[in-house]
Amino acid sequence: MLFMPANIAEVSEGEQPRSRRRRGRRRGRRAAGPPPAGTDQPRTQSQATAPNATQEQNSRSPKPQKARPRRTPDRLRTVHETSAGGLVIDGIDGPKDRQVAALIGRIDRRGRMLWSLPKGHIELGETAEQTAIREVAEETGIQGDVLAALGSIDYWFVTEGRRVHKTVHHYLMRFSGGELSDEDVEVTEVAWVPVRELPSRLAYADERRLAAVADELIDKLHADGPGALPPLPRSTPRRRPQTHSHVRNGKPDRSAQSQPGRRTNGCGQGP
């Protein structure tokens, strides 16, 4: 019969105590206390690279940038231009279904034909009515007499570093002679267009409104005669020359000024 010591307890296999693992010192950790004299302790990697890391951190730190002065945008020089033109109608005293109006056509940058009223700059010493008669003759080849004012159109556009404010005075005119001609260098085509087709043929909304005003004035002319038309507004001859917005290749067309019989006062953009 076996006797077990009383101070030893019997435990099962699953309850055996686990052995503690011995923790080793981390690499690079220096023992506590100063190193012994005469020994050369190697520096750890973190210690060896600490100065370089500091230098790299300083080099990467953002440097204060000086505030750059903002450039003020160049202001465009504003110029004012005044032009005049006319709606010339053949057969204005007859029935409306036989009335035709003279229009000019120009091709825009997209290759489209845009139909509009003839017009151009008011030159030195001219009144607006005189300019309308001259411009009609130069751009269409026909003659017209001014009957009444249709109204004015003004618009803005930018060209050659200038901001242009343009005002165009339009007049209702009676055809008095001549034949249509497209000899003007700034005109692609000229045509007689039935008056009833003006709302669909004119490219610009402002000129379509002027065509509606002309239709009302023609009704007054038929009903009550020329005396029923409103009087022409006062127009004085221009005393100073004005800028011309028409340029070629970014420079004024000097050759056009030297050739006799050639216009140099294009009507610019818009109606």
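These are notes on a predicted model, taken point by point.

1. Start with strand 2 (residues 100-107) and strand 3 (residues 113-116). They pair in the antiparallel sense, over four bridges.

2. **The main core.** The largest nonpolar core has 29 residues. Leu87, Ile89, Ile92, Leu103, Leu150, Leu172 and Leu198 have the most contacts inside it. Which elements give two or more residues to this core? They are strand 1, strand 2, strand 5 (142-159), strand 6, strand 7 and helix 4 (205-224).

3. **Leu172 in detail.** Set aside the neighbours within four places in sequence. Leu172 then touches Leu87, Ile89 and Ile92, among others. Its contacts also include Asp145, Val146, Leu147, Ala148 and Leu150. Ala214, Leu217 and Ile218 are on the list too.

4. **A second core.** There is a separate core of 10 residues. Among them are Ala102, Ile122, Ala128 and Met173.

5. **Aromatic pairs.** The model has two aromatic pairs. Take Phe175 and Trp192. Their ring centres are 5.4 Å apart and their planes stand at 85°, so the pair is edge-to-face; the cut-off for that class is over 60 degrees. The pair links distant parts of the chain, 17 residues apart. Phe175 is in strand 6 (residues 162-178), and Trp192 is in strand 7 (residues 189-194).

6. **Exposure of that pair.** Buried would need a value under 20%.

7. **Gly91 and Phe175.** Gly91 sits in the loop between strand 1 (77-90) and strand 2. It is partly exposed, with a relative accessible area of 34%. Gly91 and Phe175 are 84 residues apart in sequence. In space, their C-alpha atoms are 7.6 Å apart.

8. **Charges over rings.** Two arginines deserve a look. The charged end of Arg163 sits over the ring of Trp156, 4.2 Å from the ring's centre. Arg201 lies over the face of Trp115. There the distance to the ring centre is 5.5 Å.

Technical notes
Residues are numbered from 1 along each chain as its sequence is written. This is a predicted model: local features need pLDDT of at least 70, side-chain atom pairs count only at pLDDT 80 or more; totals for chains, interfaces and linings use all residues. Side-chain values use heavy atoms; hydrogens and water are left out. Two strands pair if DSSP finds at least two bridges between them. Rings of Phe, Tyr and Trp (its six-membered ring) pair if their centres lie within 6.5 Å; planes under 30 degrees apart count as stacked, over 60 as edge-to-face and the rest as tilted. A charge sits over a ring if NZ of Lys or CZ of Arg is within 6 Å of the ring centre and within 35 degrees of the ring normal. Buried means under 20% relative accessible area, exposed over 50%, partly exposed in between (1.4 Å probe, protein chains only). A nonpolar core is a set of buried Ala, Val, Leu, Ile, Met, Phe, Trp, Tyr and Cys residues joined through side-chain atoms within 4.5 Å. Contact means heavy atoms within 4.5 Å.
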